[in-house]
Amino acid sequence: MNKEEVVQLNKLKRKTGLFFIIVMGVMLICFNFLIQFEVNKEKISASYTAEDTVRKIETQLGRYLENSEMLKNIISSKHTISDEQFNQLASYMKKNKNVIEAYELAPNGIIEKAYPLKGNEKVIGMNTLELPERQKEANIARKSGEYTIAGPYELKQGGTGALLFDPIYINDGNEKKFWGFSILVLNWDAFLEELEVDKLEDATYHFKVWKEGNNGKHVTIMSCGHSSLNHTLSVACEVPNDTWYFEIVPFQGWIPMSYKIFGSIVSVLVAILLSMGYWQIILRREKEAVYAKQIEKVATEAQHANQAKTRFLFNMSHDIRTPMNAIIGYTQLLENNLDNKKQALDYISKLKSSSTILLSLINYILEMTQIESGKLDLKKEIGDLDDLVKNINVVVEPLIKEKKLHYSYHLEIKHHHIICDKTKLREIVLNILSNAIKYTPEGGNVELLIQEISFENNKVKYHFIIIDNGIGMKEDFLPHIFEEFAREKTSTESKVPGVGLGLPIVKSLIDMMNGTIQVESKLNKGTKFTVELSFLTSLQVENVNERNTSTLDFSGKHILLVEDNELNAEIGIELLNTFKVIIDLAKNGEECIKILEKMPEGYYDLILMDIQMPIMDGYEATKIIRSFNNKNAQIPIIAMTANAFEEDRKHALQLGMNEHPAKPVDIEKLKDVLTKYFNHEKREK
């Protein structure tokens, strides 16, 4: 996923997240309205319950007061009631009235009579208009002329009760004069029981009834006994001469917590489901838009690719035919001039040169394929920049001399040893330097400069600068210089062979190394390439012994060559004969195994193994050889194959092969391989 796709995906995620938040908010608002509706219903029901309870209290109190109406009427008519008459009337009224514990008469507010007297002796003589806990309600009843309930509180005669003050007035001429009170003493517990307030709890309510007492303090009239009530509904209920406040709340609150949790879960689930649907819709739309862009892009790329393909085929056709024509032509001339040694040697030299050009073209194409497929890896080796320059100079020296160029190189560095992929670094510098040599006319100047720019935390930064005063390039071509198959002029026009893959490969390798490349050029004035690369420095210095190449006589060494192609086998045998080794030939892997089983253990010192062969390929043969339980399992096996990709090399090594030099066979590489393994064998002995 590229950066643009990641940015677009994050944008879609943010839009979906915003959609989720909006949906979640709407759901919660709707759920809150629903909750509020249910709460209002519950509060209306609770309010009705509270008011109904107060109406029951008023009705019950009215029933109790009916009993004292006879006393009030007698006294209002100015009749005097003796103690005996009072007791008779009170005893009659108290029958089957468990709630009314006592009747009291209080002329001018002073209690003079009480029935039953026993147990109520302490109240005789009390002035209700002056006692602190009774005077408020007593004075209210006196002034208003309506009954008033006082309490509940601890009674003087003991126990908890309430006093029902019923004021009595007598006619004094044209005015009514306050006479006193008819007082009913109520057993509070029995009163509550008769009111059936416990049914409020049966209806799953917590409640508390209170009124304002003296000094503004709350006086609890009745409650369910629950320690603390939260979020209660407070209903003000008017009773004669007072206001009672009824606080009520359901056991589980106005809305049970389970409802809230359920609503929240439903809101989240709905928001998630809708967001998922929204995500699918916008993702599908985005994919359709991207797909449309991709189709347009593919169409454009296909058009460009066709143009590039046509250009590539044209260039390749010419650039490959040029060395091929030379090879075919010089081969015919060589055949016609075998007797003329000098002429034949000249033709052989030109054949080698043409073959090298053709092979370099093929290698470029293969390497570009590896880079594009992501299968090219960078090695980590200890490299010496001095050796790098020496090796490069060896390669370019013949070209420099041929074109009579003025070549100079300079190393302005402190740290010479770095950790890098030596081959790829050499390829970068050599490719640019070769281009400078190719495009610089005879007698021109070419310069290689390596500068150390910075050193920090064991990491050093270099500039590799290649300057020439050759033919240069037009400014409008510079942006295309690193495009595949891009060439300002064909090899026909420039007389320089190439397919336009060298610099794209260089750019890809530099990108893999996290470096940069810059180019400055003017037509007919020259070109300057600046490559910036950073490497870890190495404090280790390779102690590489100079190879002793003076003696390449491996007489007595036995090599088994496994090759199915007769021409390749013939070339291989001829090359190996120069080292005076003893050679046996096997035409496939199965024949190789049979020869090894037939010959004595350890007879062969080395196996040169082709890969793609009929009957049994080189990979399968290698696995069988490595599974032997004798010395033959340790024979060095060298892959001699046209499978030249890096994954082919890794696969061969994983199966047990020792080396993987690609075809065509390079005599110098073959010499290195034989020297490595045969000299190693001598050291071990």
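Modeller: Helices (H or I, at least four residues) and strands (E, at least two) are DSSP runs, numbered from the N terminus. The model discussed here is predicted.

Biologist: Between which two strands is the loop that holds Asn 108?

Modeller: Asn 108 has a positive phi of about 55°, although it is not a glycine. Most residues other than glycine have a negative phi. The loop with Asn 108 runs between strand 1 (100-107) and strand 2.

Biologist: Is Asn 514 buried or exposed?

Modeller: Asn 514 also has a positive phi, of about 60°, and is not a glycine. Its loop lies between helix 12 (502-512) and strand 15 (516-522). The relative accessible area of Asn 514 is 72%, and exposed means over 50%. Asn 514 is therefore exposed.

Biologist: Which peptide bond is cis?

Modeller: Most peptide bonds are trans. Here Pro 116 is found in the loop between strand 2 (113-115) and helix 4 (132-144). With omega near -5°, the cis bond is the one from Tyr 115 to Pro 116.

Biologist: Why is Ser 275 called buried?

Modeller: Ser 275 has its place in helix 7 (residues 257-336). Buried means under 20% relative accessible area. Ser 275 is called buried because its relative accessible area is 6%.

Biologist: Which backbone oxygen does the side chain of Ser 275 reach?

Modeller: Leaving out residues up to four places away in sequence, Ser 275 touches Thr 16, Phe 19 and Phe 20. Its side chain also reaches a backbone oxygen at 2.6 Å, and that oxygen belongs to Ala 271.

Note on methods. Residues numbered from 1 in each chain as written. Predicted model: local features only at pLDDT ≥ 70, side-chain atom pairs only at ≥ 80, totals over all residues. Heavy atoms only, no water. Buried < 20%, exposed > 50% of the residue type's maximum accessible area, 1.4 Å probe, protein only. Polar contact = N/O pair within 3.5 Å; in protein donor to acceptor, adjacent residues only side chain to side chain. Contact = heavy atoms within 4.5 Å.
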